[in-house]
Amino acid sequence: MEQRNIRNFSIIAHIDHGKSTLSDKIMQITDTVSFRNHESQILDDMDVEKSHGVTVRSRTVRNLYHARNGQTYELNLIDTPGHVDFSYEVSKSLSASDGVILLVDATKGVQAQTVANYKIAKANHLPVIPVINKVDNKNAQIDMCEQQIYYLDDSLIEKNILHISSKTGLNVDQVLESIVEEIPQPNGDIDAPLKSLIFDSIYDSYKGIIAYVRIYDGKLRANQKLKFMSNNQSFENNEIGIFTPSLKPVKELHSGDIGYIVTGIKDPKGVRVGDTITSKLEPTIHAVPGYKPVRSVVYAGIYPKDSNYDDLKMAIEKLSLNDSSLYYTEDNSDSLGQGFRCGFLGMFHLQIVRERLINDFDISVIVTNPNVNYRVILNGNEAINNIDNPAKMPDFYKINSIEEPYDEVKMKVPASSMSRVMDLANQSRGILITMDNDSNLVELTYELPVAEIAYNFFNKLKSVSHGYATFDTQFLEYKVSDIVKISIDVNYSPVDALTFIVHRNNASQLAQSIVHKLKYVMPKKLYPIPVQAYVEGRVIARVDIPPLRKNAAVSGEKKSISKKQELLRRQNINKRKISSAHIMLPQRVFDAILGI
């Protein structure tokens with residue numbers, strides 16, 4: 001395909017605005033896939049994507065479109081996720097794109113991820129095609145959606161907003177024509193040395209690491225000797241190809257093409273997303289500028305349930321190839337043994353990783369309570385950065401101050417929901433910066449601790465605003481806060497996996513909730529188990545888990561006094577073993593605490 005007939009584009013949208021349905025319809029119109037024997041949303045092929053109804057990781061597919069001008073165009077669709085946690089996946093996809101379709105649901109309007117994704121596209125200087133979907137719905141509010149799109153950016157006023165229905169195919173052909181006319185052809189010199197960007201990767205048990213690449217300059221041939229520019233590691237590709245959307249081998253890729261390279265590398269850390277691949281014999285001089293390193297928001301420990309540490313290590317390494325936004329490092333817990341400390345983009349990302357470990361790799365894991373990253377200033381003014389594990393927090397008498405990360409949060413909400421949203425922000429320790437009127441919407445800018453917004457803030461915001469609030473965050477700074485560590489003792493022994501870092505104002509209530517929740521989810525023994533929470537050496541909450549035992553005195557059976565005394569004597573022996581007993585923590589313990 002000639003470079004002037006190539007278009008590389010992405011679709012950006014909020015979750016459930018019809019992005020996957022539009023992708024299916026584009027593939028159907030271009031005869032990329034026969035849908036007679038296929039189910040809908042074929043780009044969402046993972047079990048977790050189907051079960052949650054949301055795209056988790058980006059996919060790519062090449063479509064051949066016969067335009068009205070009589071020419072055939074190669075339309076490379078690079079899929080993007082829609083959930084707020086996966087903005088990093090969106091940035092990866094847009095780095096390989098030359099333009100985007102901004103898709104808005106006619107029944108819901110512009111929502112949180114619509115705004116966030118548009119800002120990423122604008123930062124990449126990509127042309128935008130605004131599209132309103134589901135116009136055939138009886139609840140469609142087309143005029144409202146158009147006004148909200150115009151509020152995103154004044155430059156969109158000059159755009160012709162397309163009205164479509166992805167489900168029925170109404171006006172989808174106009175979208176394809178707009179892609180051909182408004183999205184520019186790729187820039188690149190086919191005669192220059194090979195320069196290609198790795199924008200994603202997957203791991204195959206037989207083929208090794210498969211790198212997804214965008215060719216910027218030159219030609220890529222099968223069985224060519226290549227190298228990574230970041231570390232000069234050389235390799236020979238075993239296969240190159242395109243996405244249809246399954247992998248289809250080809251002999252050559254040119255500048256502007258989107259394709260894949262089978263590297264044959266089995267080391268999970270051997271390929272880095274954002275790196276540049278070039279020819280070993282005729283290398284390019286300058287690498288493609290990579291994108292910003294991912295910033296983990298939530299951290300949690302992942303440990304094997306059945307002591308299969310090696311299997312868990314291999315699974316996480318392979319999973320990190322399919323999910324480059326997953327950060328992990330080895331960790332060791334006194335109560336749970338060897339495992340990993342992992343960083344996630346959000347709570348939903350954590351949930352997806354856990355489900356993939358269970359479903360894709362058949363590994364039972366225990367996931368500890370999540371937390372964010374803190375910075376500690378000791379009494380000697382020595383700073384300890386990146387405290388992502390509560391168990392590693394120094395003793396309170398050594399600490400001068402603790403700093404926690406804050407985000408600048410911008411929310412556009414209907415005037416009718418403003419008071420409820422402000423109450424939610426105040427309950428989350430938010431500090432109001434500005435309040436502006438934007439037509440019938442109110443724009444609120446807050447400083448909010450990441451610890452408050454990382455867990456369930458977004459879902460609460462959708463609830464209090466009835467789904468009409470937009471939500472955009474940007475890291476601000478670390479600020480000194482009155483942070484304390486809650487330590488949990490079970491059976492008079494500290495359990496590092498049940499350590500929490502919270503604000504002092506919330507410590508007492510949270511500690512009471514935790515110990516009372518543990519009373520019902522901890523495994524019972526034949527003797528009472530004390531559970532207590534303490535802050536700075538002072539116990540602030542305690543419960544006793546009742547024993548699981550046969551009470552000899554009230555068994556209902558007719559026994560002699562001597563037999564009853566013998567039973568009671570054996571029960572007392574169990575009680576004396578309290579200090580040496582080992583308490584096993586099942587996953588339901590952490591799940592219960594997570595729901596507090």
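In strand β3 (residues 72-78), Ile78 is the bridge partner of Ser10. Ser10 lies in strand β1 (residues 6-13), and β1 pairs with β3 in the parallel sense over five bridges. Strands are DSSP runs (E, at least two residues), as are helices (H or I, at least four), and both are numbered from the N terminus. Two strands count as paired if DSSP finds at least two bridges between them. The model is predicted, so local features need pLDDT of at least 70 and side-chain atom pairs count only at pLDDT 80 or more, while totals for chains, interfaces and linings use all residues. Residues are numbered from 1 along each chain as its sequence is written, and side-chain values use heavy atoms, with hydrogens and water left out.

Strand β1 also pairs with strand β4 (residues 99-105). Five bridges join β1 and β4, again in the parallel sense. Here Ala13 stands opposite Leu103. Eight of the eight residues of β1 are buried, so the strand is largely enclosed by the rest of the structure. Buried means under 20% relative accessible area, exposed over 50% and partly exposed in between (1.4 Å probe, protein chains only). In a regular strand the side chains alternate between the two faces of the sheet. Both faces of β1 are covered. Ile6, Asn8, Ser10 and Ile12 are buried on one side, and Arg7, Phe9, Ile11 and Ala13 on the other.

Eight strands form an open antiparallel sheet in the order β11-β10-β16-β7-β8-β15-β12-β13. Its edge strands are β11 (234-236) and β13 (247-250), each pairing on one side only. The twist averages 40° from one strand to the next. Axes are lines fitted to C-alpha atoms, for helices over the stretch in contact, and angles run from 0 to 180 degrees between N-to-C directions. Four bridges join β13 to strand β12 (residues 239-243) in the antiparallel sense. Phe243 faces Leu247 of β13 across this pairing.

A further open sheet has four strands, ordered β18-β19-β17-β20, with antiparallel pairing. β18 (327-333) and β20 (365-367) stand at the edges with a single partner strand each, so one side of each has no neighbour in the sheet. The twist of this sheet averages 30° from one strand to the next. Strands β17 (residues 298-304) and β19 (residues 337-344) run antiparallel and share five bridges. Cys342 in β19 is the bridge partner of Ala300.

Helix α7 (residues 309-322) lies across strands of both sheets. It lies across β7 (195-204) and β8 (208-217), at about 140° to β7. It also lies across β17, β18, β19 and β20, at about 15° to β19. Helix α8 lies across β17, β19 and β20, and runs at about 15° to β17.

Helices α7 and α8 (residues 347-359) pack at an angle of about 125°, with their axes 11 Å apart. The two helices are therefore oblique to each other. Angles under 35 degrees count as roughly parallel, over 145 as roughly antiparallel, 65 to 115 as roughly perpendicular and the rest as oblique. α7 passes α8 in a right-handed crossing; in such a crossing the near helix is turned clockwise from the far one by less than a right angle, and anticlockwise in a left-handed one. In contact (heavy atoms within 4.5 Å), Leu312, Ala315, Ile316, Leu319 and Asn322 of α7 meet Val353, Arg356 and Leu357 of α8. By class, this contact has six nonpolar, one polar and one charged residues.

Terms used:
Ala, Val, Leu, Ile, Met, Phe, Trp, Tyr, Cys and Pro count as nonpolar, Asp, Glu, Lys and Arg as charged, and the others, Gly among them, as polar.
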